[in-house]
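Please read it alongside the sequence and the structure shown here.

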Amino acid sequence: MILAAQDDSRVRPATWKAEIVGHLPRVQIAGLDPWRLGGEMWGWYADGRLRSLCYSGANLVPICATPEAVRSFADRARRSGRRCSSIVGPAEPTARLWQLLEPHWGPARDVRPHQPLMVAERMPDDIAPDPYVRRIRKDEMDVIMPACVAMFTEEVGVSPLAGDGGLLYQARVAELVGAGRSFARIEDGKVVFKAEIGAATNQACQIQGVWVAPEHRGKGLSATGMAAVLRYALADVAPTVSLYVNDFNAPARACYRRVGFRETGAFMSVLF
């Protein structure tokens with residue numbers, strides 16, 4: 001059971017599943033039990049109604065968080081001590097949350113204050129999907145894992161194998177493979193392009209982990225590969241497909257625009 005913040009009775013266990021499912025798809029699978037969910041879900045209540053959320057696990061994620069809710073989430077997080085490896089979420093509430101936590105949790109290893117959120121709802125007219133991009137089979141974990149580790153290390157700046165030897169990361173990759181949401185183009189037994197469909201509901205899903213092997217970059221594989229994954233996502237998962245990208249990654253942003261993604265907002269990440 002999630003305990004209420006001692007100084008404000010309006011932060012208490014988030015038990016209204018119907019209002020959470022659209023924001024955290026894992027709740028659909030795991031429910032709100034912290035052990036199964038992999039963390040706690042904090043709820044901010046006003047006038048007897050759930051108004052804001054904050055997921056506290058490997059990441060700290062404010063969801064629909066008002067300024068008042070952010071202050072209480074920050075107080076709860078400060079008193080609990082830092083347990084997460086990052087703070088990530090919509091840019092404005094995440095920035096407010098980090099401003100309150102930085103004196104206690106700082107310094108961060110990296111702060112990425114503006115990560116464009118991009119959305120697509122249809123296939124591009126002028127880019128044909130790569131016919132060699134396909135779902136990864138369960139017996140291909142040894143093929144996809146090196147590419148996943150390389151992508152994570154390049155993107156985040158640390159290896160996902162640190163700490164527990166990569167057990168949790170490998171389990172997450174296996175979960176996506178098992179769900180049919182891991183895609184790649186494989187040549188001569190090696191991944192040259194890969195991406196996954198991560199968070200997903202029947203309204204929207206998110207593409208993540210986009211990566212092209214360094215020796216194959218500049219050949220147009222990212223655009224055709226993304227078109228292939230977008231086609232899978234629209235056909236099999238949800239009518240709206242999203243992703244977010246570092247603002248300094250100009251080639252990736254240009255690629256996503258070519259495939260039909262448009263910027264609709266911004267995320268922020270604080271990495272420890």
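The sulfur of Cys84 lies 8.9 Å from the closest cysteine sulfur, which belongs to Cys54, and this is too far for a bond. A disulfide is taken here as a pair of cysteine sulfur atoms within 2.5 Å, and by this rule the count comes to zero disulfides. The model is predicted, so local features need pLDDT of at least 70 and side-chain atom pairs count only at pLDDT 80 or more, whereas totals for chains, interfaces and linings use all residues. Residues are numbered from 1 along each chain as its sequence is written, and side-chain values use heavy atoms, with hydrogens and water left out.

**Chain overview**

- The chain holds nine helices and 12 strands, where helices (H or I, at least four residues) and strands (E, at least two) are DSSP runs numbered from the N terminus.
- Of the 272 residues of the chain, 48% count as buried; buried means under 20% relative accessible area, exposed means over 50%, and partly exposed lies in between, with a 1.4 Å probe and protein chains only.
- The accessible surface of the chain comes to about 13,500 Å², and 53% of this surface belongs to carbon and sulfur atoms; the areas come from the Shrake-Rupley method with a 1.4 Å probe, and for residues only the protein chains shown count as cover.
- Among contacts in the chain with a separation of 6 or more, 68% are accounted for by residues 24 or more positions apart, a contact being heavy atoms within 4.5 Å.

**Cysteines**

- Cys84 counts as buried because its relative accessibility is 7%.
- Cys255 is likewise buried, with a relative accessible area of 7%.
- Cys64, by contrast, counts as partly exposed at 43% relative accessibility, and Cys64 is found in the loop between β4 and α4.

**Strand β5 and its partners**

- Four of the five residues of strand β5 (residues 86-90) are buried, so that the strand is mostly covered.
- Strand β4 (residues 59-63) pairs with β5 in the parallel sense over two bridges, pairing being assigned if DSSP finds at least two bridges between two strands; within this pair, Asn59 stands opposite Ser86 in β5.
- Together with helix α4 (residues 67-80), β4 and β5 make a right-handed β-α-β unit; a crossover is right-handed if, with the strands pointing away from the viewer, the path from the first strand over the helix to the second runs clockwise.
- β5 also pairs with strand β12 (residues 262-271), in the antiparallel sense and over five bridges, and the bridge partner of Ile87 in β12 is Val270.
- The C-alpha atoms of Phe267 and Tyr244 are separated by 7.1 Å, although the two are 23 residues apart along the chain.

**Strand β10 and its surroundings**

- Strand β9 (residues 190-200) and β10 run antiparallel and are joined by five bridges, forming a hairpin with three residues between them; the bridge partner of Ala200 in β10 is Cys205.
- β10 and strand β11 (residues 240-244) pair in the parallel sense over three bridges, with Ala204 opposite Thr240 in β11, and β10, α8 and β11 make a right-handed β-α-β unit.
- His216 is placed in the loop between β10 (204-212) and α8 (221-236), and His216 counts as buried because its relative accessibility is 16%.
- Leaving aside neighbours within four places in sequence, His216 is in contact with Glu187, Val192 and Leu221.
- The side chain of His216 makes a polar contact with the side chain of Lys219 at 3.4 Å; a polar contact is a pair of N or O atoms within 3.5 Å, where within protein one must be able to donate a hydrogen and the other to accept it, and residues adjacent in sequence count only if both atoms are side-chain atoms.

**Backbone geometry**

- Most residues other than glycine have a negative phi, and most peptide bonds are trans.
- Asp47 has a positive phi of about 55 degrees although it is not a glycine; Asp47 lies in the loop between β2 (40-46) and β3 (49-56) and is exposed, with a relative accessible area of 76%.
- Cys64 is a further residue other than glycine with a positive phi, near 50 degrees.
- The peptide bond from Gly106 to Pro107 is cis, with omega near 0 degrees, and Pro107 lies in the loop between α5 (91-105) and β6 (110-120).
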